[in-house]
Amino acid sequence: MEGRAAEPAGWAMSSGLRIGYIGGQAGRVNERAIDSEWVGALGEYAELVPIPPLKLMKWAGGDPSRDPAGFLAKAEAKGQALADLCAQYGVSTLYANLTPLIPYLMLARGRAEVPLNLFFLAHSVGSEWWMKQWLAMAPLLREGDTLLCATDTAKEALLALSPAYAEAFRAPLCIRTEPAKPLRTEANRVKQLLCMGRLEDVKNVHVLLDVFHAVREAFPHVHLNIAGEYTGRTPEQIAAYRSLLEEKVEAYGLQDSVTFTGPVSGEAKDALFRSADVLLNFSTDPGETFGYNLIEAKAWGLPVLCTAWDGFRELVTDGRDAVLVGVDWSGPCPQIDPAEASAKLLGLLQDEPRLAAMRAEALAGLGRYAPAQVMPQLVRTAGGAGGRAARWPCRRPRPAVRASGRTGHRRCCVPAAAGRLAGAVHAGRALRRLRFADAAVASGFAERDALRGMDAAVPAVHCTLRHYGGRSGAYYRKGVTL
């Protein structure tokens, strides 16, 4: 999509597309940052109709995942209520950036044959917790739905779960921030490093502290800002990780050179980007398929030091606007070499001409993420889908499992396999080990099986995910154990 001419003024009004969206704000700051930019840009190219979040929560009856069987029993009535809600707001397309709720929306509309298309983003495809959502959605997708994959990595990960995702639309997320002139010209000043995002073990903030300590030993005039909120599956996990980071800061004597700002937004966030010299992102989260703060860095002309993660490598180029740190996954978990990261970061900080050249490269690459480059084609796609809203396709057979061709590993290609696995579990059959290469996965699963699969089977699956740095977007499992 690079190089596409900007659409003429007034194009948004002529598109004629009305999209309902859930008003309010996401719970996490990083999600709000993406959603606000995305909804704002979408509103320039389509008519957005806000739907109060309480309306949707009332429709869902709270959190349907707490009682999926209860929701299933009322699915047809929920579908009729969904049709009434769409009629009330005059929309046949709904932008829903609430991935856990989407399977229930799909289930309700299917039961009542509601002429509603869904428009949503692919999030965290490779993470085990999110897989159950994407497995459940695969058999419930309709021809008019528009799913955006921000990277090839995200789309390939979806295709590894089901061929139903072959029509996902590939386009990057966009950012409306105008290129800013960085204020980094003072001589002999303290260099500022910035880490922004969730504070969790998969983000490797603890490794970052090891790296920063080693760099500061050789380059004392440097300061690190860590901005973000602590996240995790349980309060105990969050507390343990917070304690680990605090212990490292104290052990290394970094109290005066590391600042934990907490979650930031607005002017406070802009100030951190404006004053930073390098953005650091050491994430090895299997669900990391994009990396929005890497685009934010481009908007501020900020060089990046990050892991050579598939989604990241699609956004930045090693040696131009970024320096990539290798990730080794020969063991059970991905590992970063702190010595390599320290050497590369120190080399950047000591080479001001190189930093200046990388700033220019970062700003030069910002254009492909402008709304004028992304939104017109995306809205055309959603608009074309909207024209098919009342013509429901029949259920098409899903292909059986295919091997990836890589010796010893199999690409996941399991359209709603979770439903069958759940049925096997509930029937008491001892399904000890399933290798996807040998599994004959039937097509046309009922909505009931998809919902049960989302709620019961997939959380019981023990996955060994592999993310090979040399193969963009290649997610593999060695097998599935129940």
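1. Buried, as used in this note, means under 20% relative accessible area, with exposed over 50% and partly exposed in between (1.4 Å probe, protein chains only). At 3% relative accessibility, then, Ser257 counts as buried. Keep in mind that this is a predicted model, where local features need pLDDT of at least 70 and side-chain atom pairs count only at pLDDT 80 or more, while totals for chains, interfaces and linings use all residues. Residues are numbered from 1 along each chain as its sequence is written, and side-chain values use heavy atoms, with hydrogens and water left out.

2. Staying with Ser257: this residue sits in the loop between helix H10 (235-252) and strand S9 (258-262). Helices here are DSSP runs of H or I with at least four residues, strands are runs of E with at least two, and both are numbered from the N terminus. The side chains of Ser257 and Arg216 are joined by a polar contact of 3.2 Å. (That term covers a pair of N or O atoms within 3.5 Å; within protein, one must be able to donate a hydrogen and the other to accept it, and residues adjacent in sequence count only if both atoms are side-chain atoms.) Not counting residues up to four places away in sequence, Ser257 touches Phe212, Arg216, Val222, His223 and Leu224, where contact means heavy atoms within 4.5 Å.

3. For the overall picture, the chain has 18 helices and 17 strands. Of its 482 residues, 53% count as buried. Among contacts in the chain with a separation of 6 or more, 77% come from residues 24 or more positions apart.

4. Have a look at helix H12 (residues 292-299), which is mostly covered, with 8 of its 8 residues buried. Those buried residues include Glu296 and Lys298. Glu296 has 10% relative accessibility, so this residue counts as buried. Leaving aside neighbours within four places in sequence, Glu296 is in contact with Ile175, Lys269 and Phe273. After H12 comes Gly301, with a positive phi near 60°.

5. Now two helix pairs. The axes of H9 (residues 205-218) and H14 come within 9 Å and cross at roughly 50°. Axes are lines fitted to C-alpha atoms, for helices over the stretch in contact, and angles run from 0 to 180 degrees between N-to-C directions. H9 and H14 are therefore oblique to each other; under 35 degrees counts as roughly parallel, over 145 as roughly antiparallel, 65 to 115 as roughly perpendicular and the rest as oblique. On the H9 side, Val207, Val211, Ala214, Val215 and Ala218 meet Pro338, Ala341, Ser342, Leu345, Leu346 and Leu349 in H14. By class, that contact has 10 nonpolar, 1 polar and no charged residues.

6. The second pair is H6 (residues 102-112) with H7 (residues 128-137), packed at an angle of about 20° with axes 9 Å apart. That makes H6 roughly parallel to H7. The contact is made by Ile102, Pro103 and Met106 of H6 and Gln133, Ala136 and Met137 of H7.

7. Back to H14 (residues 338-349), which holds Leu348. Leu348 is buried, with a relative accessible area of 0%. Not counting residues up to four places away in sequence, Leu348 touches Val278, Val323, Arg354, Leu355 and Met358. The C-alpha atoms of Leu348 and Pro303 are separated by 9.3 Å, with the two residues 45 apart along the chain.

Key:
Ala, Val, Leu, Ile, Met, Phe, Trp, Tyr, Cys and Pro count as nonpolar, Asp, Glu, Lys and Arg as charged, and the others, Gly among them, as polar.
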